[in-house]
Amino acid sequence: MILQSLYKLYERLADDPEYGLPLRGFSSQKVSFKLVLKPDGSLLEPQSVDPKVQTLVLGEGKPPGSGINPCFLWDNQTYLLGRQPEDKKDGFGQDRFEAFRARHLAVEQEIGSPAFSAVCRFLEAWNPERLSEYPLLEEAGTGFGVFQIQGERGYVHDDPVVRAWWNKTQTAGEASSAAVLGQCLITGEQQVEIARLHPKIKGVVGAQSAGASIVSFNATAYESYGKEQSYNSPVGEEAAFCYGTALNALLSGPMASRHRLRIGDTSCVFWTEKKCPVEDVFAELLGSGSFAVEEAQDPDKLDQLKRLLKAVTSGGRYADLDDVEAGTPFFLLGLAPNAARLSVRFFYNSTVGDTLERLREHHACMQIVREFEQPVGKRFADPEFPPLWALLRETVRRGDDPAPLLGGALMRAVITGSPYPVGLYAAILRRIQADRTINYLRAATLKAVLVRNYSFKLKTMLDTDNTDPAYLLGRLFAVLEKTQLDALPGLNATIRDRFYSAASATPASVFPRLLRTYQHHLGKLLGGAKVNRERLLQDIMEAISSGGFPRQLNLQEQGIFAIGYYHQRKSLFTAKAKNAEPETSEPATL
Amino acid sequence: MNFGITLKISGNYALFSRPEMKVERVSYDVITPSAARGVLEAIYWKPQIRWVIDEITVLKPVRFTNIRRNEVASKISVKGAAGVNAAMKNPEIVPHMAVDENRQQRASMVLKDVAYVIRAHVVVLDQRLEKGSDPVAENEAAGKHLEMFKRRARSGQVFHQPYFGCREFPVDFELIEDEAALPTPDSALLGEKDLGYMLHDIEFSQDRATKKVKSTTPHFFRAQMSDGVIRVPALPFPLKR
């Protein structure tokens, strides 16, 4: 269904000028300079062109490979002007320029356009030694160039006569080749010409910059039934062009930012079958979470985002807020690079309404009291709806890449409402053990996994009625740590740094010792604070004492321990602010 | 006349590679008719018959997961001095491939926890009960094959372990003889669903004299799932030789 959905999408995008889809036989390229010629073919001057604006040129891209393959009426300076690359042997530039010239001169009579003839006169007269006369060309480097005639608005390749000729040769070229006919597996049409090579897909993070294919067969083990190359997967020429163009438009076209987001090493694209407001803001919502609201510039979009976010976080239904057809089909495709090929990490199709409902469920699972509800200094506030990449970042050391399959698995869990990947939970616990940091994102992730995968009932805020021993121990640990901090402000390493891992895994061996030191710390506290603290500790101890300290906590219990710790700690610091007690320790920096 | 059988098949994983994504493998959403035929042939097959799948009922919701496996990049050659053809003539020759030199890690998107009910019938290509005997009535010949299939399926006999697309994913099967005992599809599958074009089967055209395969042509059909049931159309090529 993947290629079929993309094929269908092509029809929609082709009608929308915003996407600027290239026609068959043409492609959009980043052109960095133009050679302005006089009508007699002499060079007036080279001018720079904004490379950010894509220019429609003839041909479906620069041919791959190291052979001599000149393009038509556009190319880089090696072909266009015979510039000798420094790292290549002598004659490299000259050979390519001659091939470029020969290709054009051969068809001059056939085309019969004055503009094209001017280009031919230029090519005949040009000597690559003159390159140094034009400093602009030195700067243009490896960019592509095109031709323009003085006084004309369009480029030479836009000349109607040239275009008409180009279109004619395109169709003629197809018919003459020894075509393989068969049933197309995208459209189901019988006896269509089967594509031998499929379009390259550009814009997947980590893949080769020239593009990678979804469909390709480069080793014998991939081939079967005596078929070679893409004849192994019969796709009609036209269908192949359409799906490739549509996918390229989503990944690297002018509207790509609406359709593409990156999660770990996976590039995701999504689209809806019909144009739909959710499509415009979905990337921001998933990619930036609540931060998207701060980042949005356009007021209309901001409004859209706010409503969508509200629907997701408050449980309201988006369909009620807006007259969007909740039934519009919604597609999500995750691609990851593997050298010259792309592998599909996930493909998901559903409806807009369902997808938003899944997002809401995800948010409900994740929901936990925020550590920083307001920005503190340079630190951002914790987002109410955190983006997925932020969760993945918590599974590894700062700067490392998350495990390759985790991003896709997490995305799948969020979008389909299936259990979260177990690897995510284990990785977060591992990071907590290693750096003893329990922040909002980690606590929220642990909670989400425990709630969805193991059906634990965990509250958003501190739950004093929860009698789960692991939860109570986590709370106890937070109280002990806070007491130590209050007694000895400015300490470098607290009991969390020394004992967290042991306390959460083997409580019986650690807590008795911590309780002894607690007595010393408590002695340093003053008046009401001392009484309150002791009362809190006694409440927790009373609930634990029935069973004594457990010898070991398993992985699930360790997660609950972390949540108990997080809840209690948050509560300790919040309560203090409310009562306006004298500041006895540094502000919370968890 | 219906010379049919009903078989419930299930397994933990399945991978019905789409031809367009069979390198970095991606599975079809449901079992293809040709994969279902492979399951039946693993239980019972003779050159005299051909299994034809009529209907596939999907019992469990379609769920995917990703795995990575080590596969190889090349095939053992058929031709040549150390190829399969030479080895079939001369038992001294052992065709081989150095796996460690050809190893490749490839990603696969596989189906998880699958169960299907397949209904199929048998087409008898050769109506003789034994070589040299006279042909019998079609229903008599088909009855023989069907009974053999059923006897084998009841006792769990197989020629080789049937699998869901790849050998790693074995099939558990159970013959359903009582229509009342038919399992019902998961409620998530209710309604109409378009599964797109799916491989129907591959047509082999053989040279009559030399028996060599002249060409192989894949055929695709539009799979429509209605309340979990996919009706498989008739094959678009003749079965009988």
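In this predicted model, 35 residues of chain A are in contact with 32 residues of chain B, contact meaning heavy atoms within 4.5 Å. Between them the two chains bury about 2900 Å², of which 56% is on carbon and sulfur atoms; buried area is the accessible area (1.4 Å probe) lost by two parts on being put together, summed over both. On the side of chain A, the residues that lose the most area to chain B are A:Met1, A:Tyr222 and A:Tyr225, together 21% of what that side buries.

Across the interface, 14 residue pairs are in polar contact, both residues at pLDDT 80 or more. A polar contact is a pair of N or O atoms within 3.5 Å; within protein, one must be able to donate a hydrogen and the other to accept it, and residues adjacent in sequence count only if both atoms are side-chain atoms. The count of salt bridges between the chains is 1, with a side-chain nitrogen of Lys or Arg required within 4 Å of a carboxyl oxygen of Asp or Glu. B:Glu24 forms a salt bridge with A:Arg341, their closest N and O atoms being 4.0 Å apart.

Residues are numbered from 1 along each chain as its sequence is written, chains are lettered from A in the order in which they are written, and side-chain values use heavy atoms, without hydrogens and water. Local features need pLDDT of at least 70, side-chain atom pairs count only at pLDDT 80 or more, and totals for chains, interfaces and linings use all residues.

The search of the whole structure finds 5 cavities of 30 Å³ or more. A cavity is a set of points on a 1 Å grid over the protein atoms alone where a 1.4 Å probe fits but cannot get out, and lining residues have an atom within 4 Å of a point. The largest cavity holds about 70 Å³ of space, the volume being that filled by probe spheres set on the points. Its lining includes B:Arg37, B:Trp51 and B:Asp201.

| Element of chain B lining the largest cavity | Residue range |
|---|---|
| Helix H1 | 33-43 |
| Strand E3 | 49-58 |
| Strand E7 | 192-206 |

Technical notes:
1 Å grid on protein atoms, 1.4 Å probe; cavity = no way out; pocket = protein on both sides within 12 Å on 5 of 7 lines; lining within 4 Å. Helix = DSSP H or I, 4+ residues; strand = E, 2+ residues; numbered from the N terminus.
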